[in-house]
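Here is a guided tour to follow in your viewer. Keep the sequence panel open and select each stop in turn.

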Amino acid sequence: MRLSHTSYLHNQKFSEAYNLIKRSRHIILATHESPDGDGVASMLALYQWLESIKPGGALLYSKEPIPSGLAFLPESNAFRDSIPPEPFDLVIVFDYGDKSRLGLESWFKANSHIECLTFDHHPLGRHMSGFHLIDTTASSTAELVYDFFAVNGIDFSKDIARCLLTGILTDTGTFKHSNVTPHTLRVASFLLTKGVTTREIVRHTETNIRPLDSLRVWGEAILRTQLDHETGLAYSFFTANDFSRYGIKKEYLDGFSSLLSAIPESRAAVLLTEHPEEPGIVRGSLRSEYHKKFNVSETAKKFGGGGHALASSFRVEATLDDVIERLLKSSKTV
Ligand SMILES: [Mn+2]
């Protein structure tokens, strides 16, 4: 089967990116903080191709550990949590939407001469300067990485196909979200011809497969959930003390705000957390559903965050009470 491609980006953009990569010798790959399935899998797909054309030339960077549910991906143990002082000539950044989410401000300041290539499907406006492969119509960054391979006629392995399908499945909620297009399904269909299956991926990535400790934490989060009838906002929270009290690991909380956003009475949902290692900071994870017509990225922006219309996040210096009060006030006008 031939690789198909219908991205609205010009083919020339993809071949220019290809040439940029080809002429670079030492390359860093990075994604946003709290790395997710799409960012990690997109990085791993490109990394494996780079290893095949210039072995040892690329470095996978993530300051934070990648989620344990992604450990099945090939080369997932190749991630490094620091950037060595080598003479890199290209940094490729994936799926981040906003440069502040890369957590690399000081590194970029010290290495401003290094070229930067972005692969992303988040809205434009807050990306790194440099070369952009940004397609906001793509379901996932992984879909865009597939387009990059397709346009440049790069054949790829079953392992790479496994990574790309993982990115697509995790960012589309296993083809349930509104970002699925005919092209998404064509790409997925091609990836299946490489011998990967959705079952083998979903077994690791589906968020309803959770350790018992994680379910107990969800139980507590559900008990605390408030639904503001005026705004339709459902919210729950964990304080820094709760993290030690309930033995909360960050990954336990993945998917919780999606659960709340599915409540029929809610228009949007947010999980607020104070992390013990970040005193004075509140993080918010926002979700809504297509038919509820609530753009959570507008809400996230008011707290210095961002993301997609149905999935966004923020990180703000404030108290939990203040954030809740501001959330309820600002949601009235959405
Ligand atoms: Mn993504």
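**Before you start**

This is a predicted model: local features need pLDDT of at least 70 and side-chain atom pairs count only at pLDDT 80 or more, while totals for chains, interfaces and linings use all residues. Residues are numbered from 1 along each chain as its sequence is written, and side-chain values use heavy atoms, with hydrogens and water left out.

**Stop 1: the two domains**

Colour residues 11-205 as domain 1 and 212-331 as domain 2. These bounds come from an automatic or database domain assignment. The C-alpha centres of the two domains lie 27 Å apart.

Now show the contacts between them, meaning heavy atoms within 4.5 Å. Here 9 residues of domain 1 touch 11 residues of domain 2. The size of an interface is often given as the accessible area lost when the parts come together. Between domain 1 and domain 2, the buried area is about 740 Å², with 39% from carbon and sulfur atoms. That area is what two parts lose on being put together, summed over both (1.4 Å probe).

A salt bridge here is a side-chain nitrogen of Lys or Arg within 4 Å of a carboxyl oxygen of Asp or Glu.

**Stop 2**

Take the pair Asp 38 and Asp 95, which links distant parts of the chain, 57 residues apart. Asp 38 sits in helix H2 (residues 37-53), and Asp 95 in the loop between strand S4 (90-94) and helix H3 (105-110). Helices (H or I, at least four residues) and strands (E, at least two) are DSSP runs, numbered from the N terminus.

Buried means under 20% relative accessible area, exposed over 50%, and partly exposed in between (1.4 Å probe, protein chains only).

**Stop 3: salt bridges**

The structure holds 14 salt bridges. Select Glu 64 and Lys 250: their side chains meet in one of them (2.8 Å, N to O).

Next, go to Lys 194 and Asp 155, whose closest N and O atoms are 2.8 Å apart. Lys 194 lies in the loop between helices H6 (182-192) and H7 (198-205), and Asp 155 in the loop between H4 (141-151) and H5 (158-171), so the pair ties together parts 39 residues apart in sequence. Lys 194 is partly exposed at 21%, whereas Asp 155 is exposed at 58%.

Asp 159 is partly exposed at 33%; Arg 162 is buried at 13%.

**Stop 4: the strands**

Start at the hairpin of S7 and S8, which has 4 residues between the strands. Within this hairpin, Gly 232 takes a positive phi near 80 degrees. Strand S7 (residues 226-228) runs antiparallel to S8, joined by 3 bridges. Two strands pair if DSSP finds at least two bridges between them. Asp 228 stands opposite Leu 233 in S8.

Strand S8 (residues 233-238) has 5 of its 6 residues buried, so it is largely enclosed by the rest of the structure. S8 pairs with S9 in the parallel sense over 6 bridges. Select Ser 236 to find its bridge partner in S9, Leu 271.

Continue to S10 (residues 281-288), where 6 of the 8 residues are buried. Strand S9 (residues 268-273) and S10 run antiparallel, with 6 bridges. S10 and strand S12 (residues 311-317) also run antiparallel, with 7 bridges.

Finish on Arg 287. This residue is the bridge partner of Ala 269 and stands opposite Ala 311 in S12.
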